[in-house]
Amino acid sequence: METVDWHRLDPGEALRRLASSPEGLAAEVARERLAHYGPNALVEKRRKPVWRMLLDQFRDFMILVLIAAAVVAGLLGEPVDTIAIVVIVLLNAVLGFVQEYRAEKAMAALKQMAAPSATVIRGGRIASIAAVELVPGDVVALEAGNVVPADLRLTEAVQLRVEEAALTGESVAVEKDVAALGEAGLALGDRRNMAYKGTLVAYGRGRGVVTATGMGTELGKIATLLQDQDEGRTPLQKRLAVFGQKLAWAVLAVCAIVFVTGLLRGEPPLLMLLTAISLAVAAIPEALPAVITISLALGARKLVKQRALIRKLPAVETLGSVTYVCTDKTGTLTLNRMAVEKVYADGRLLTPDELPAMGRRPAGRVSDLLLTGLALCNDAHLDAEGAVVGDPTEAALLDLARGKGRMRTELEKAAPRLAEIPFDSERKRMTTFHPWPDGRVVSFTKGAVEKLLDRCRREQTAEGPVAIDRDRIRETAEQIAGEGLRILGLAMRLWEAVPDGPRAGAAEDDLVFVGMVGMMDPPRPEAAEAVAMCRSAGIRPVMITGDHPLTAEVIARRVGIIGEKDGAVLTGRELARLDQEEFEARVEKIRVYARVAPEQKLRIVEALQDKGHFVAMTGDGVNDAPALKRADIGVAMGITGTDVSKEASHMILLDDNFATIVKAVREGRRIFDNIRKFIKYTMTSNSGEIFTIFLAPFLGLPIPLLPIHILWINLVTDGVPGLALAVEPGEADIMSRPPRHPKESIFAHGLGEHIIWVGLLMGAVSILTQAIFVDRRPDHWQTMVFTVLCLSQMGHVLAVRSERDSFFKQGVLTNKPLLGAALLTFALQMATIYVPFLNPIFRTAPLTAGELLVTLLLSSVVFAAVEIEKAVKRWWRRSG
């Protein structure tokens with residue numbers, strides 16, 4: 001199909017361009033076009049086979065290193081290590097496979113939105129056909145409840161309203177008409193004469209000519225975008241890939257040096273080979289994938305309790321790296337329900353709180369009259385549980401009256417509806433007739449203020465009707481509209497009796513203007529605080545909405561996304577005029593986007609990522625799915641979200657609340673902190689072992705540890721204590737520091753230096769123990785070195801619970817699993833010394849009380865040194 005602005009053509013011209021007519025296509029022509037254009041269905045790309053998905057889980061470099069370590073451990077006769085590593089690798093593979101397999105479901109959910117059948121006019125006759133058989137030029141009939149089966153240029157619209165929220169983000173059903181729109185480049189939500197595939201007819205009836213089918217529809221374009229988006233690797237995955245590669249080469253280099261150095265000193269070749277291999281196995285932190293998986297799983301479990309469902313585990317950690325949160329407005333920052341914010345009556349502009357409660361008489365005050373009219377001229381109603389059901393605008397008016405003490409049911413008992421003139425999009429008003437206390441009949445007319453003013457000669461005041469001051473009312477209406485509020489006016493007229501067959505026109509003339517209200521979907525009470533917390537955490541919140549620019553700007557200012565000095569809103573039309581270079585130059589300064597198209601949301605995400613940012617994107621509609629999938633964190637709405645958006649997302653907000661994202665970011669930061677603590681702990685322990693074995697020969701000392709000692713320390717210190725770090729509570733300053741830089745090394749902020757200097761200290765204390773006791777206690781020195789090195793690591797794990805706070809300030813019992821793990825490791829180490837049958841296995845000897853005391857004192861040196869380091873950091877921060 002050629003690219004045509006169908007909304008700019010009148011219905012007759014659109015039919016002519018499509019070689020069709022109001023009677024539709026002939027059956028033969030429809031068959032030819034079906035053969036030419038293909039079925040009206042969404043086409044999926046070829047999926048990756050299941051076996052390939054499973055195999056891809058083993059391509060990560062760190063996983064390959066672990067597999068190699070498992071093989072080596074097996075050759076050394078250490079089946080426990082081999083089994084542990086294999087279980088960890090398989091667990092990670094299964095988790096990765098499940099996540100990738102589930103990600104493929106987004107396209108299936110999108111296809112479910114298509115209508116199964118369509119009512120079509122062919123050859124002047126109405127017929128029901130399978131929607132996949134529709135072709136461009138077909139004339140389709142629509143009525144309430146239908147799913148629009150293809151993109152249509154409407155040719156007939158009778159009170160037609162279509163719910164387009166899933167496609168455009170517009171929260172209220174859109175009124176449709178057939179008039180041509182002259183403006184080019186209109187956003188989908190502004191094309192009032194078009195109906196799009198996958199949207200729902202909420203009210204009325206109409207007809208339209210098919211302009212696009214299948215992948216050529218707006219829904220099809222989204223399907224293309226969705227299938228073209230590959231999910232990027234998470235920050236942690238990127239960092240660990242680099243870490244694994246560097247670690248593998250470093251370990252190989254150190255082991256080669258240890259082996260060669262031992263040979264040069266005349267050590268037995270077999271002993272040196274086993275020592276080098278044992279050192280290699282010990283240096284690989286095989287518990288790291290398990291710690292990461294368990295940390296993420298525990299974090300996901302905790303987030304469910306905070307109303308956030310994690311669909312893809314790595315997303316938990318990625319949240320901690322987020323630098324931008326691109327959020328929708330409706331329902332996320334706002335309550336997703338209309339509420340009256342301004343009331344104009346008797347020449348005064350008030351807030352609902354300033355409005356007096358209604359008196360007994362329906363017209364005692366002008367405000368009472370206004371509230372009575374708004375409640376009676378209203379099609380919303382209360383359900384059995386007392387909730388308001390109906391159009392959001394009318395529900396807000398009913399809520400206002402109810403809040404001021406007058407229930408709809410009570411009003412209708414006194415003044416039941418006698419007749420009505422329904423709302424239509426041309427008049428933009430509705431009228432209802434009711435009995436009045438003086439025996440006459442009152443008509444209330446509700447609608448657009450500008451339309452009402454043209455039909456009013458007087459306005460109601462406390463003294464009675466007076467000549468209307470249209471300029472003052474228009475000026476007040478502009479003031480209300482300037483605050484981003486939607487305005488509705490109310491007028492009235494008294495009759496001796498209900499006019500015969502009341503019709504629009506005479507029945508809506510000679511009205512008395514009563515007042516008007518301004519309403520909007522207000523911000524959530526907690527939204528401003530959540531935005532402020534984002535800012536303090538160095539995260540920039542950005543609003544992206546399909547709503548009008550003025551409404552978007554008002555909400556953004558009220559929640560704090562933009563301040564008084566920030567620039568104007570960027571609309572989708574303005575964005576379309578910017579080339580990529582211009583846009584990327586401005587993207588970091590823009591805080592609000594309004595009236596954006598689906599591909600533009602994707603463009604915003606990609607532009608921010610090109611600038612080096614990690615982006616969280618919220619969305620609930622089909623139109624959001626490609627951007628959700630492309631974002632580093634796609635966040636779908638659990639209440640209002642479509643299945644398509646949920647399947648494309650990484651996380652689902654069960655309460656659709658922006659504040660929940662902030663809680664999730666906090667949890668993500670805590671998890672990454674704990675993973676860093678584990679790396680700090682385990683890599684320092686491994687470097688301590690390496691330095692102990694590597695440096696001893698250069699000081700003229702024998703190899704201090706046997707292969708069994710290295711593997712034992714690796715087994716009891718890396719596993720359980722490391723896993724216990726995963727539940728460490730968050731640091732006090734976790735949400736008052738900036739996000740990690742996306743390209744930041746995992747060894748940043750002194751982690752690398754800590755691993756080296758504490759590892760050296762650990763090695764030095766072990767070698768000092770050896771140097772002092774190698775001649776004095778020839779049968780016990782190796783057991784002492786073995787114990788000092790093992791217990792030094794326990795002291796270290798307790799000290800690294802916090803980057804800055806003292807262990808004693810944190811409290812001994814604030815991480816009970818870690819305390820339990822440290823005590824268990826101590827008990828197991830004592831068992832290798834004092835349980836007789838274990839002595840020959842571990843080549844140990846029971847220590848005397850004095851030797852054990854010396855060993856314990858030397859083991860505490862590392863703990864004391866790290867606590868002193870943290871004290872210096874605290875002093876430096878206070879003085880700086």
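**Helix α25 and its surroundings**

Helix α25 has 38 residues and spans 55 Å from its first C-alpha to its last, close to the 56 Å expected at 1.5 Å a residue; the expected span is 1.5 Å times one less than the number of residues. Helices are DSSP runs (H or I, at least four residues), numbered from the N terminus. This is a predicted model, in which local features need pLDDT of at least 70 and side-chain atom pairs count only at pLDDT 80 or more, while totals for chains, interfaces and linings use all residues. Residues are numbered from 1 along each chain as its sequence is written, and side-chain values use heavy atoms, leaving out hydrogens and water.

**The helix**
- N657 caps the N-terminal end of α25, with a side-chain oxygen 3.0 Å from the backbone nitrogen of A659.

**The nonpolar cores**
- A nonpolar core is a set of buried Ala, Val, Leu, Ile, Met, Phe, Trp, Tyr and Cys residues joined through side-chain atoms within 4.5 Å.
- The largest core has 125 residues, and M516, I561, F658 and I679 touch the most other members.
- Helix α25 (residues 658-695) gives the most to this core, with 15 residues.
- A second, separate core has 44 residues, including A14, L188, C326 and A625.

**Residue S687**
- S687 lies in helix α25 and is buried, with a relative accessible area of 11%.
- A polar atom of the S687 side chain lies 3.1 Å from the backbone oxygen of I755.
- Leaving aside residues up to four places away in sequence, S687 touches I755 and G759 (heavy atoms within 4.5 Å).

Note on methods:
Buried < 20%, exposed > 50% of the residue type's maximum accessible area, 1.4 Å probe, protein only. Helix = DSSP H or I, 4+ residues; strand = E, 2+ residues; numbered from the N terminus. Polar contact = N/O pair within 3.5 Å; in protein donor to acceptor, adjacent residues only side chain to side chain.
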